[in-house]
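Hello,

Here is the structure we talked about. Please open it next to this email. My notes follow below.

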Amino acid sequence: MELIDINDNSIIELYNSIEKKYYKILYHEALIVPLIESTQNKEFVDFSRTIKENNSNFIDDILISDMESALFFNYDTPINRKHTEEFKDLYMELKQIILNKTEKYKNNENTKKILNHTIDLAKKNECDYFNYVHVYWLSHYFNQAKKTLTQNEIEYYKSYLTKLFPCGKF
């Protein structure tokens with residue numbers, strides 16, 4: 001999780017500064033896809049594509065495709081592009097709430113407002129992507145925020161979020 005917490009620019013700097021022999025580890029799908037999902041960093045995907053084009057034997061088209069699939073905007077259509085951007089903004093806000101340890105998930109009303117907004121956006125989007133995205137920051141937010149919710153509220157949100165994001169850990 002510590003690696004996922006780094007900011008957009010430092011990902012490229014980190015990968016650029018590490019010896020190429022370690023790329024096989026750092027480009028393992030189990031590490032790289034969550035990193036892309038967490039940061040939504042298209043520039044890093046482009047950086048990785050450049051490495052692949054320079055005859056890298058550990059990055060293939062399938063991995064690049066998996067990395068691209070972790071970017072929310074690749075799952076929009078002209079009809080729901082606004083909803084996809086809204087979801088990305090909300091997702092990145094949840095990440096900042098967690099990383100900055102703000103009080104937003106410690107207040108029941110704020111928590112319910114954010115969770116309801118998340119559910120509304122996901123219902124409007126109806127995106128197949130949500131069937132396999134891991135929604136790390138939403139899961140983390142929910143698991144921190146449920147300390148402020150009643151048992152009935154926890155079950156309600158857990159049920160709804162699990163239905164909308166089956167790969168989330170709620």
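At 6% relative accessibility, Gln40 falls under the 20% cut-off, so Gln40 counts as buried. Keep in mind that this is a predicted model. Gln40 sits in the loop between α3 (29–39) and α4 (42–53). Its phi is positive, about 55 degrees, although Gln40 is not a glycine. The side chain of Gln40 has a polar atom 3.0 Å from the backbone oxygen of Glu37. What else is Gln40 in contact with, leaving aside neighbours within four places in sequence? The list is Ala70, Leu71, Phe72, Lys88 and Met92.

Val135 is another residue to look at. Its phi is near 40 degrees, a positive value in a residue other than glycine. Val135 lies in the loop between α7 and α8 (136–145). Is Val135 buried or exposed? Its relative accessible area is 0%, so Val135 is buried.

**Overall build**

The protein has 9 helices and 0 strands. From the N terminus on, the order is therefore simply α-α-α-α-α-α-α-α-α. Of its 170 residues, 42% count as buried. The protein exposes about 9,400 Å². Carbon and sulfur atoms supply 51% of that area. Now take contacts between residues at least 6 apart in sequence. Of these, 71% join residues at least 24 apart.

**The core**

The largest nonpolar core holds 48 residues. Which of them touch the most other members? They are Tyr15, Tyr27, Ile32, Phe44, Met67, Leu161 and Phe165. Helix α6 (residues 81–99) gives the most to this core, with 6 residues. Leaving aside neighbours within four places in sequence, Leu161 is in contact with Leu115, Thr118, Ile119, Leu138, Phe142 and Phe170.

**Helix α7**

Three of those names come up again here: Leu115, Thr118 and Ile119 are among the buried residues of α7. How far apart are the end C-alpha atoms of α7? They are 26 Å apart. Helix α7 has 18 residues (108–125), so at 1.5 Å a residue it should span 26 Å. The two values agree.

**An exposed lysine**

Lys24 is found in helix α2 (residues 23–26). Lys24 has a relative accessible area of 65%, over the 50% cut-off, so Lys24 is exposed. Lys24 and Ile59 are 35 residues apart in sequence. In space, their C-alpha atoms are 8.1 Å apart.

**Confidence**

The mean pLDDT of the protein is 82. Of its residues, 87% reach 70 or more. Which elements have the lowest and the highest mean pLDDT? Helix α6 has the lowest, at 80. Helix α9 (residues 151–164) has the highest, at 95. Where pLDDT is low, the predicted coordinates should not be read in detail.

Best wishes

Note on methods. Residues are numbered from 1 along each chain as its sequence is written. Side-chain values use heavy atoms; hydrogens and water are left out. Helices (H or I, at least four residues) and strands (E, at least two) are DSSP runs, numbered from the N terminus. The expected span of a helix is 1.5 Å times one less than its number of residues. Buried means under 20% relative accessible area, exposed over 50%, partly exposed in between (1.4 Å probe, protein chains only). A nonpolar core is a set of buried Ala, Val, Leu, Ile, Met, Phe, Trp, Tyr and Cys residues joined through side-chain atoms within 4.5 Å. Contact means heavy atoms within 4.5 Å. pLDDT is the predictor's confidence in each residue, from 0 to 100. A polar contact is a pair of N or O atoms within 3.5 Å; within protein, one must be able to donate a hydrogen and the other to accept it, and residues adjacent in sequence count only if both atoms are side-chain atoms. Accessible areas come from the Shrake-Rupley method with a 1.4 Å probe; for residues, only the protein chains shown count as cover.
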